[in-house]
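Subject: Structure for your review, with notes

Dear colleague,

I am handing over the structure below, together with notes on what was found in it. Please read the notes with the coordinates open beside you.

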Amino acid sequence: MFSRLRDALRSDLETPRHERPWGTGWISGVAGLLLACAGLFFVLELHFPAQLTLPPLRESYGSAWFRIGLHLLLLAAFTLSAVSLILRTNKVLGLTAMVITLAATALGGSRVDSPEVGESGVYLGLDWFVLNLAFTGLLFVPLERLFPRRREQQLFRAEWREDLFYYLVSSLFAQVLTLISMAPTTAILAHTRWTELRAWVGGQWVWLQVLEIMFLTDLVQYWVHRMFHQVPALWEFHAVHHSATSLDWMASARMHVLEIIVLRGTTVIPMFVLGFTEVAIYAYLLLVYLYSSLVHANVGWNFNRIGWLVVTPRFHHWHHGIDREAIDVNFAIHFPLFDRLFGTYYLPRDAWPSGYGVGGHPVPRGYWQQFLHPFRRKTRSND
Ligand SMILES: [Zn+2]
Ligand SMILES: [Zn+2]
C-alpha cells in the first residue's frame with residue numbers, strides 16, 4: 001500500500017514538462033507538498049527542540065514571528081493542495097500534501113507548547129535540512145530554469161531521490177560531522193601557540209583574509225581531491241560523488257560520508273589554525289556553501305572571460321564529464337591556477353562535456369548501496 005502510494009507520487013512528480021502545462025495543478029501540488037513537509041517538520045521541531053534542532057537556531061522558534069510564519073505556511077500548504085486537488089486529474093500530489101498538512105495541524109500546528117531546553121547533548125539538524133533545502137532551492141531552481149545548460153532536465157530528474165537523501169543525511173548529522181571534521185584542527189590548536197603569526201594573520205583586511213582562506217583551502221583541497229582520484233581504494237569512495245549522471249545544485253550533496261569527513265577535516269585546518277578572524281571564516285563558509293552548489297548547477301553560462309581565473313560551473317562540469325579527455329582534470333574548486341600549475345587543467349572554449357558520470361557505471365543506485373560500495377570486494381575486469 002505504502003510502496004504503491006510512493007510510486008504513484010514519484011511518477012506524478014516526475015511528469016515530463018510538456019505533459020503538465022500551466023493550469024494542470026502540478027505546480028500547486030508540488031508547492032503544497034513542499035510546504036506541507038516543511039510545516040510538519042517545524043511542528044515536530046517544536047515538540048522536540050532538544051532532539052531535532054540546532055542550538056543557534058533554537059531560540060527563534062519561541063518567537064511570535066516564527067509561530068505566525070508557521071501558521072501562514074500551513075495555511076498556504078492547505079490552499080495550494082486544495083487548488084491542486086481541484087485542477088489536477090491525478091489526485092495523488094494534492095491528497096498527499098493535504099494529508100500531511102492536516103497531520104501537522106493535528107499535531108498542534110503553530111500552537112505547540114515547546115518544552116524548556118537546557119544543555120543538550122546529541123541532536124539532529126532537521127531544521128537545518130528544511131532551511132538548507134529551502135535556501136539553496138529558492139536560489140538555484142529559478143536560476144536553472146532561466147539559464148539552463150540542459151533545458152530538458154527537470155527538477156525531479158533521474159536519481160533526485162538519492163540526492164535529496166544525501167541532503168537529508170548531511171543536514172541531520174551536521175553536529176557529529178562537524179565534531180569529527182574538527183578533530184585534527186582541535187588537536188593542532190591544543191598543541192600550538194603561534195601568537196605572533198595568528199595576530200598578524202587576523203590583523204589583515206577581512207577581504208584579504210577571505211581570499212587567503214580560499215587560496216589555502218583550495219591548495220589542500222586540490223591534493224586531497226586528486227588523491228581521491230588516484231589512489232584506487234579512495235576512488236571507490238569518491239566515485240559516489242562522480243556517479244551522478246545529471247548535474248544540478250542537488251547533485252553537490254552526493255558525497256560518501258567518509259569523504260565528507262576527510263575532505264572537511266583537512267581543508268578546514270589552515271583557516272582555523274593560522275589565526276584568521278571569525279568574520280573571515282564565516283564569510284568564506286557562506287561563500288563555499290553557495291559556490292559548491294553553483295559549480296554543480298545546471299546553468300549554461302560559458303564564462304569564457306573569467307573561466308581561467310576562477311572556477312565556473314563549466315570548469316567543474318568538465319571534472320564530472322564522462323568523455324575521455326575529462327578524466328582526472330580540473331581538481332580545483334576555487335582557482336584553476338592549481339590545475340595549470342600541476343598539469344591537470346582542461347577547459348576548451350565554449351565546449352561542455354557530452355555527459356556525466358563514471359564510465360561503465362560501476363556505482364550502484366541508492367544511498368545505502370552507495371554507502372557500502374567502497375567496502376565491497378570488486379570483481380576486476382582484465383582490460
Ligand atoms: Zn572528483
Ligand atoms: Zn563535483
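This is a predicted model: local features need pLDDT of at least 70, side-chain atom pairs count only at pLDDT 80 or more; totals for chains, interfaces and linings use all residues.

The domain assignment of the protein chain gives two stretches, with domain 1 covering 2-125 and domain 2 covering 174-375. Between the C-alpha centres of domain 1 and domain 2 there is a distance of 32 Å.

Helices α1 and α5

Helix α1, made of residues 2-13, has 12 residues and reaches 16 Å from its first C-alpha to its last, which is close to the 16 Å expected at 1.5 Å a residue. This helix is hardly covered, since the count of buried residues among its 12 residues is 1. Helix α5, residues 64-87, has 24 residues and reaches 35 Å between its first and last C-alpha, close to the 34 Å expected at 1.5 Å a residue. The buried residues of α5 are Leu 70, Leu 74, Ala 77, Phe 78, Leu 80, Ser 81 and Ser 84, and what covers them includes α2 (26-47) and α6 (92-106). As a general point when reading such a list, an α-helix has 3.6 residues a turn, so residues three or four places apart point the same way.

In the loop between α5 and α6 sits Lys 91, which counts as partly exposed because it has 16 other C-beta atoms within 10 Å. Lys 91 and Trp 26 are 65 residues apart in sequence, while their C-alpha atoms are 10.0 Å apart in space.

The contact of α10 with α14

Helix α10 (residues 183-191) and helix α14 (residues 257-273) pack at an angle of about 35°, with their axes 8 Å apart, and the crossing of α10 past α14 is right-handed. On the α10 side the contact is made by Ala 183, Pro 184, Thr 185, Ile 188 and Leu 189, and these meet Gly 265, Val 268, Ile 269, Phe 272 and Val 273 in α14. By type, the residues of this contact divide into 8 nonpolar, 2 polar and no charged.

Not counting residues up to four places away in sequence, Met 271 touches Ile 213, Thr 217, Phe 276, Ile 281 and Tyr 284. Met 271 and Met 214 are 57 residues apart in sequence and 9.0 Å apart in space, taken from C-alpha to C-alpha.

Val 224 has its place in helix α12, residues 206-230, and with 19 C-beta neighbours inside 10 Å it counts as partly exposed. Leaving aside its neighbours within four places in sequence, Val 224 is in contact with Val 262, Leu 263 and Thr 266. Val 224 and Trp 235 are 11 residues apart in sequence and 11 Å apart in space, C-alpha to C-alpha.

Two positive phi values

Asp 328 lies in the loop between α16 (313-319) and α17 (337-341), and its phi is near 55°, a positive value in a residue other than glycine. Asn 330 is likewise found in the loop between α16 and α17, and it has a positive phi of about 55° although it is not a glycine. As for their surroundings, Asp 328 counts as exposed because it has 11 C-beta neighbours inside 10 Å, whereas Asn 330 counts as buried because it has 24 C-beta neighbours inside 10 Å.

How values were computed
Residues are numbered from 1 along each chain as its sequence is written. Chains are lettered from A and ligands numbered from 1 in the order in which they are written. Axes are lines fitted to C-alpha atoms, for helices over the stretch in contact, and angles run from 0 to 180 degrees between N-to-C directions. Helices (H or I, at least four residues) and strands (E, at least two) are DSSP runs, numbered from the N terminus. A crossing is left-handed if the near helix is turned anticlockwise from the far one by less than a right angle, and right-handed if clockwise. Two residues are in contact if their C-beta atoms, placed from the backbone, lie within 7 Å. Ala, Val, Leu, Ile, Met, Phe, Trp, Tyr, Cys and Pro count as nonpolar, Asp, Glu, Lys and Arg as charged, and the others, Gly among them, as polar. Domain bounds come from an automatic or database domain assignment. The expected span of a helix is 1.5 Å times one less than its number of residues. A residue is buried if 20 or more other C-beta atoms lie within 10 Å of its own, exposed if 12 or fewer, and partly exposed in between; C-beta atoms are placed from the backbone.
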